[in-house]
Every structure is written in C-alpha cells, then in structure tokens.
Amino acid sequence: MKRLFLGATVVALAVTVVFALWVTPSRPSQGFDAVRLLYLHVPTAWIAYLAFGVTALASLLWLIPRTRDTTWDLLAGASAEVGVLFTGLTLILGSLWGKPAWGTWWEWDARLTTTAILFFLYLGYLALRRTGATSEERGTRSAIAALIAFVDVPVSYLSVTWWQTLHQPGTVFNSNRHVLIDGSMAFTLIAAVVSFTMLYAYLVLERFQLAQLEEGREERELQRAIAERVRADQVEVAPV
Amino acid sequence: MSFVRDALVIAGKDLRIERRSRVALQQIIPFGGIVVLLFAFALDSDRTLLHQAAPGLFWAAVLLAVLLAIGRSFSVEEANRARDGLRLSGIDGGSIFVGKAAAVAVELFLLEIVVGAAVVVLYDVTVRGIVVLLCSAVAATVGLAAAGTVYGVLAGGLRARETLVPLLLLPAVTPVMLGGTRAFQAALDGSPGDAWPWIQLLTAFAVLAVAAGTVAFGPLLEAA
C-alpha cells in the first residue's frame, strides 16, 4: 500500500515537472524562466503551513487528557520535521527567485521575515523534542511549544495582506477573491500542490513509523533493564 | 485574593534570593553594560550611526540580558531540588508564574535604567518623549519577562536547558524587539504619536504572554 502511494507520488511529481518546465509559458516581467520557481515555491510554502497545522492539531490532541496518546506526540514531531525542511526550502527557493525578480537575495519584507522566524521557532521545537527520550518526558513541553510557535503561521500567511510590502499578495486566495492565474499555469500549480501534498504525506508516514520503532526500542530496552535488575535482586536474595 | 498573595510570596522569594546572592546586580546588569560597549566597537564609534541605531541596540542589549535573567530565575529552582518544593507547596501554577515573571520584570527594569543611562551617555542620545518611552518600556518588559518565564519552565530540568532557552525564546520575542525599537525611535525622533501602534503591539504581546503563561505554567511545572 505504501509502495503504491509512493509510486503515485512519483508519477504526480513527474507530471508536475513536465508541465512546469515545458508546457507553461515563461514570463519576461518575472525573470523569464525564473517564474517556473512558482511551481516549487508555492507548494513548499503550502506544505510548511500544512505541516505546522498538523503539528498544532496533534499537539492539541496530546494536551487534551481524553485524547492523549503517543501517536499524537509522534505525529506532531514527524510533521514538524517535514515542515522545517519545507520552510527551509521555501526560504531558499524564494531567495533564488528574489534575485532575478526583485534584484535582491533577501529583503526585510513582512512575509520573508515572519517565515524566517517560523523556521527558527520550529528549529527550537525540534531541539526541544530531542531532549526527551519518551513521549511522556517530552509530550507536554513540546505540545505547548508547538502551539505557541503556531501563532506565527497565520501572521506569516496574512502578512502580505496586512502590510503589503515587497512580496506579492496571494495569487489564488486574496482579499479581492479574484484568482490571478489560469490556463496551463493554474493546472500546473494545482498539480504541484497536489503532488507535494502527497510527498508530504509519504514523508510524514515514513518518519512517523520510524519514530514508532524508536519509541518501541526505548520501551523494550527499559523492560529488559527492569527484568535484569529483578533477576539480579533474586540472585542476591536467594542464599538468605 | 490568594492568587495575588501567592504571586507576591513567590516574587518576594526570588527577589530576596537576588538581593542576597547579588547575581543580578553583579553579573546580569554589568553584562548589559558590556553589550552596550561592544556595539560601540562594532559600529566603530561612529557617533551618528550609534545615535541612529540607539533604540535597537538598547533592546538588543536588554534581550541578551533577559536570557541571563531567565537562566538565573530557573537555576535557583534547580538547586536543592527547590522545584519539587515549589510543586509540593500547593500554590497554583498561575500564581507561581506571575510571581516569577514579576521578579524577572523588576530585575529587567533595573537593568533597563542602567543600560538606558549607558546608551544616553555613550551613544549621545537626547531623551525625549518620556511618557512614550516609559509606556513602551513597561509593556515590553512585562512581555519579555512573561515569555521568558514560559520558556524557562518549558526547558526546566533538561540537560540542554542553557542552550535551549535562547533558541526557543529569541525567535518568539522578535515582536518585542521590533515594537520596542520602533516606539523608542518615534519618541526620540520627537514624533511620539507614531509610537502608539507599536505600544499596542507590545501590550498585545504582553497580554498574550501573561495569559499563555498563567494557563500553561502549572502543567509545564508538573512535566519538568
């Protein structure tokens, strides 16, 4: 099943690549072929937001006593890892696009700044997670840290509407409710978003399963240590 | 009323420790002073540049000192397993949070007076718009102390606590850095009216940080 999903993801990504590189038009006003970065930059940014949203939701489910389960803690961690990766990619791709389109690698624009802060907030979150071996040790701390960090996600998303600095406002979701993209570009963008979402789901699944195995190993080692200790005690006690 | 009384007890305890140990007075406040000196080296003692950047440099110095103050506020709870005592005291988590944050805020005010005086003298700044300066400093300090206390307990008891707190806290308090700098800039430039949106930002941050801390401190103290 996982293999099949991976196959479908690869096919979807391949279709996106073909459309993005050969079918869609270039645009002189945005650095000719540099406009094709749209089909990478937008999906990576979307995945970053989606990933942190999933992390926040899973953290919330951990914090509610009735739904508290190791699954949520591990899912939050797995999703945040993928989210940090994609936030980093978004920053790098945006910077590569900024040079031909705006003439600068970096600008202290509201969207760029809030995204950079987002990157560091979740880097801190991942560092915090690494300090505890089991879900019980790290669960509550990391869940609260994730919820605090999530405050920056809507700020970052809405920053282009609130402050209107250099970064352009939303192409699809904007205040005028007017979609500013059509034809092959619109199709490619949708294909890119869908295929990247599939890639995200696959990566989170892999990472989640790995985390479960790690968690299981910790648990088994603990049980083994307890069993050894009990045996050692029995040996000591035996002569008496 | 017991909420306030308990918070005052906790704040009194922390401030008494600081008065006796003099760590804040002899280490954290001088640290703020040396950072002010270092910035002057970085900008090659160019008076105009220092003068222009003074508000930002002031808050950067305060922000770095906050890290020390928070580290100190929670290292006193590590010694002699004081944290367990705090948990067993029966005091509500929210009260402990408000008390600890208030103690940090008092220390920060003292620090800001010293750092502010150093900035005025060394960076050639003329003090103007004192009401705006005070309002923004109060709002920013409450926000910094509250956010710092949240992250202090979040990392409490962990082996990597000292290195973790800066990584967690500094990105989270960027709104204070921005708001404090802009509000001070407006006041010193003689246009205090421009500072109010920034003071609103600082106040909103402070309210959010205090609310989040009051709710989250108890569970975090239990988890630590």
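Guide: A crossing is left-handed if the near helix is turned anticlockwise from the far one by less than a right angle. In this predicted model, the crossing of H2(A) and H5(A) is left-handed.

Visitor: Which residues meet where H2(A) and H5(A) touch?

Guide: From H2(A) they include A:Phe52, A:Ala56, A:Leu60 and A:Trp62, and from H5(A) they include A:Gly139, A:Ala143, A:Leu147 and A:Phe150. By class, this contact has nine nonpolar, four polar and no charged residues. Gly is counted as polar.

Visitor: What makes the buried residues of H6(A) line one face of the helix?

Guide: In H6 (residues 152–162) of chain A, the buried residues are A:Asp152, A:Val153, A:Ser156, A:Ser159 and A:Val160. Each has 20 or more other C-beta atoms within 10 Å of its own. Seen down the axis of H6(A), they fall within an arc of 130°, so they line one face. On the other side, A:Pro154 and A:Trp162 are exposed.

Visitor: What do the buried residues of H6(A) pack against?

Guide: They pack against H2, H4 (110–129) and H5 of chain A.

Visitor: How many residues of chain B are in contact with chain A?

Guide: 15 residues of chain B are in contact with 13 residues of chain A. Helices H7 (161–172) and H9 (196–223) of chain B each give two or more residues to that side of chain B. By class, that side has 13 nonpolar, one polar and one charged residues.

How values were computed: Residues are numbered from 1 along each chain as its sequence is written. Chains are lettered from A and ligands numbered from 1 in the order in which they are written. This is a predicted model: local features need pLDDT of at least 70, side-chain atom pairs count only at pLDDT 80 or more; totals for chains, interfaces and linings use all residues. Helices (H or I, at least four residues) and strands (E, at least two) are DSSP runs, numbered from the N terminus. Two residues are in contact if their C-beta atoms, placed from the backbone, lie within 7 Å. A residue is buried if 20 or more other C-beta atoms lie within 10 Å of its own, exposed if 12 or fewer, and partly exposed in between; C-beta atoms are placed from the backbone. The arc is that of the directions from the helix axis to the C-beta atoms.
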